[in-house]
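User: I want to learn how to read a predicted protein model feature by feature. Can we work through one together?

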Amino acid sequence: MMPLSYEAGGFMLSKNRMEYLFKDDTKRDIVMIFPGGGYERTSHREAYPVAQVLMDRGFHTAIFWYRETKLIYPEIKDEGLHMIEEVKKDHRVGRIILLGFSAGGHYALMLSIHGSQLIYKTVLAYPVVSSDPLIRHEGSIKNLLGTLDSPYLASVSLEHAIHQEVKPMFIMHTQDDATVPVENSLRLIESLQQHAIHYECHIYPEGRHGLSLATKETSFEDMDPETFAKENKSVASWFDLAISFMKRGI
């Protein structure tokens, strides 16, 4: 069933969908994956390979293909919250963890803020966070809002939206990210610190934007997989750290 989403005061059918990948019929924590793609598309490199590792490590997973219909803010927020509520109804679902990459990280963060009562933890990899022109990823913010002149521009600068009920968060970024500046994560960390929200952060000195798991299975198409994995071996440690965070009682 396709979810209903708001449009111009009425309703429309959205083609956005949640793809469930259950490990088994046991009740387990589920990780909802939000692939990156600049709010233009959803990257397969940050979807199926990630889900497979998570299932191997004992989680149910679900991939949110959220750009089949390109909703803009705030409709995209409303749809995302509805999706989480639907996931929670399944008898196999325990606690809900959000995992977002790049623009998908912005979406996961947005939902963790506005749906904090539904979420257990959130994991963000090189996330878009801010709409500040000094550090924003302009393409992501424009695709999210439809225009940079949107009255919601400040509303999607999520470093200003953190509140006391936000759940624990894990953040990974690289210092030399030339696409989404590391300052996005640094501003988020500052806000989490100000609100006394539990967080764990790992900032690596080097690594091209969009590394996903930084393994040969998630290599960029323009690189040899073995070379990609070798060059990014140190950054690949981030996902083991993230899984430890997901499983650890806080």
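User: What are the ground rules for the numbers?

Analyst: Residues are numbered from 1 along each chain as its sequence is written, and side-chain values use heavy atoms, with hydrogens and water left out. This is a predicted model: local features need pLDDT of at least 70, side-chain atom pairs count only at pLDDT 80 or more, and totals for chains, interfaces and linings use all residues.

User: What is the mean pLDDT of the protein chain?

Analyst: pLDDT is the predictor's confidence in each residue, from 0 to 100. Here the chain mean is 95, and 95% of its residues reach 70 or more. Residues 4-11 are below 50. That stretch still has 13 contacts (heavy atoms within 4.5 Å) beyond near neighbours in sequence. Where pLDDT is low, the predicted coordinates should not be read in detail.

User: How do I read a strand such as β5?

Analyst: In a regular strand the side chains alternate between the two faces of the sheet. Strands are DSSP E runs of at least two residues, helices are H or I runs of at least four, and both are numbered from the N terminus. In β5 (residues 60-65), His-60, Ala-62 and Phe-64 point one way. Thr-61, Ile-63 and Trp-65 point the other way. Six of the six residues of β5 are buried. Buried means under 20% relative accessible area, exposed over 50%, and partly exposed in between, with a 1.4 Å probe and protein chains only.

User: Which strands pair with β5, and in which sense?

Analyst: Pairing requires at least two DSSP bridges between two strands. β3 (residues 17-21) is antiparallel to β5 over five bridges, with Met-18 opposite Phe-64. β4 (residues 28-34) is parallel to β5 over four bridges, with Met-32 opposite Ala-62. β4, helix α1 (residues 48-56) and β5 form a right-handed β-α-β unit. Right-handed means that, with the strands pointing away from the viewer, the path from the first strand over the helix to the second runs clockwise.

User: Now a helix. How many residues of α3 are buried?

Analyst: An α-helix has 3.6 residues a turn, so residues three or four places apart point the same way. In α3 (residues 103-114), 11 of the 12 residues are buried, so the helix is largely enclosed by the rest of the structure. The buried ones include His-106, Tyr-107 and Met-110. α3 reaches 17 Å from its first C-alpha to its last, close to the 16 Å expected. The expected span is 1.5 Å times one less than the number of residues.

User: Is Ser-130 buried or exposed?

Analyst: Ser-130 is buried, at 0% relative accessible area. Ser-130 lies in the loop between β7 (121-125) and α4 (138-145).

User: What does the side chain of Ser-130 make polar contacts with?

Analyst: A polar contact is a pair of N or O atoms within 3.5 Å; within protein, one must be able to donate a hydrogen and the other to accept it, and residues adjacent in sequence count only if both atoms are side-chain atoms. The Ser-130 side chain makes such contacts with the side chains of Ser-157 (3.2 Å) and Glu-159 (2.9 Å). Beyond four places in sequence, the residues in contact with Ser-130 also include Asn-184 and Arg-187.
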